[in-house]
Amino acid sequence: MTKRSGRRRILYLAASFFSIIVFLFLVGSAGYVLLSHPKSPLPDHWNPLRDLTVTAPVTLVTKYQLNRALADEAQCRATLSEAGVAFSEMVDLVVDQNCGISGRGELSRLVSARVGGVETRCTTALRLAMWEHHVVQPAAQDLLGTQVRALRHLGSYNCRRMRTAQGENSGWSSHATADSIDIIGVELADGRTLSLLQDWSAPGPESAFLHRIGKGACDWFRVVLGPNFNRLHADHFHLQGPGWGYCR
């Protein structure tokens, strides 16, 4: 191969590479315009540029939309309001560097189920709403033939250190910032009341329901602890937003 032909080949390859870059840029720009257009044909629950809708079907972009809402308090509150969740705004609670509630509010109702008034933060309420709508209610209908009328809880905010089977840990609990909530059971629309303490290990659809919603909570919370974890969680699900990811 001569030097001239070698140069031509290099120029050809460079021009081809540049053409590919330009093509990808144009395709990307066209895609962005298509996604961002108010009349985009792509459904909102498939469009990563659209805001999260709690009641929309879960798709590959739902987690991305959720993370955006969790990172923006105004969007978090707007998302809850649009879904009909009763989350009354409260002034942020500032105790010290370890305890307090940012994005504070009183949660009293999710999409379909009541919640005994509980002070928590918007991010915890939003995760709980996603769990209730996409996991709890479908499981109740599928396994129990009814709906969940209310979620029963032990609270969300508690300025304390972590508790372990060996005693109190030196680290601060996620409850100290209302980043978690403890669920002890549910009230069903047909009048039944289920609790983890009584129904977790009993054979039957009630136990299957509790196991399914416990496992399903891992889709919406980073840390989920229940009766299979240790004796301290024999009577409740610990549902925690932040964390490395642990489900048991």
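There are 2 aromatic pairs in this structure, which is a predicted model.

I begin with Trp-200 and Phe-237. Where do Trp-200 and Phe-237 lie in the chain? Trp-200 belongs to the loop between α5 (196–199) and α6 (205–216), whereas Phe-237 is in strand β12, residues 237–240. The two parts are 37 residues apart in sequence, so the pair ties them together.

Is Trp-200 buried or exposed? Its relative accessibility is 10%, and therefore Trp-200 counts as buried, the limit being under 20%. Phe-237 is buried too, with a relative accessible area of 2%.

I turn now to Phe-229 and Tyr-246. This pair is also edge-to-face, at 5.9 Å centre to centre and with 75° between the planes. Phe-229 sits in the loop between β11 (223–225) and β12, and Tyr-246 in strand β13, residues 246–247. Here, distant parts of the chain are linked, 17 residues apart.

As for accessibility, Phe-229 has a relative value of 29% and counts as partly exposed. Tyr-246, at 38% relative accessibility, is likewise counted as partly exposed.

My last item concerns a charge and a ring. Which residue lies over the face of Trp-220? That residue is Lys-63, at 5.4 Å from the ring centre.

Thank you for your attention.

Definitions and conventions: Residues are numbered from 1 along each chain as its sequence is written. This is a predicted model: local features need pLDDT of at least 70, side-chain atom pairs count only at pLDDT 80 or more; totals for chains, interfaces and linings use all residues. Side-chain values use heavy atoms; hydrogens and water are left out. Rings of Phe, Tyr and Trp (its six-membered ring) pair if their centres lie within 6.5 Å; planes under 30 degrees apart count as stacked, over 60 as edge-to-face and the rest as tilted. Helices (H or I, at least four residues) and strands (E, at least two) are DSSP runs, numbered from the N terminus. Buried means under 20% relative accessible area, exposed over 50%, partly exposed in between (1.4 Å probe, protein chains only). A charge sits over a ring if NZ of Lys or CZ of Arg is within 6 Å of the ring centre and within 35 degrees of the ring normal.
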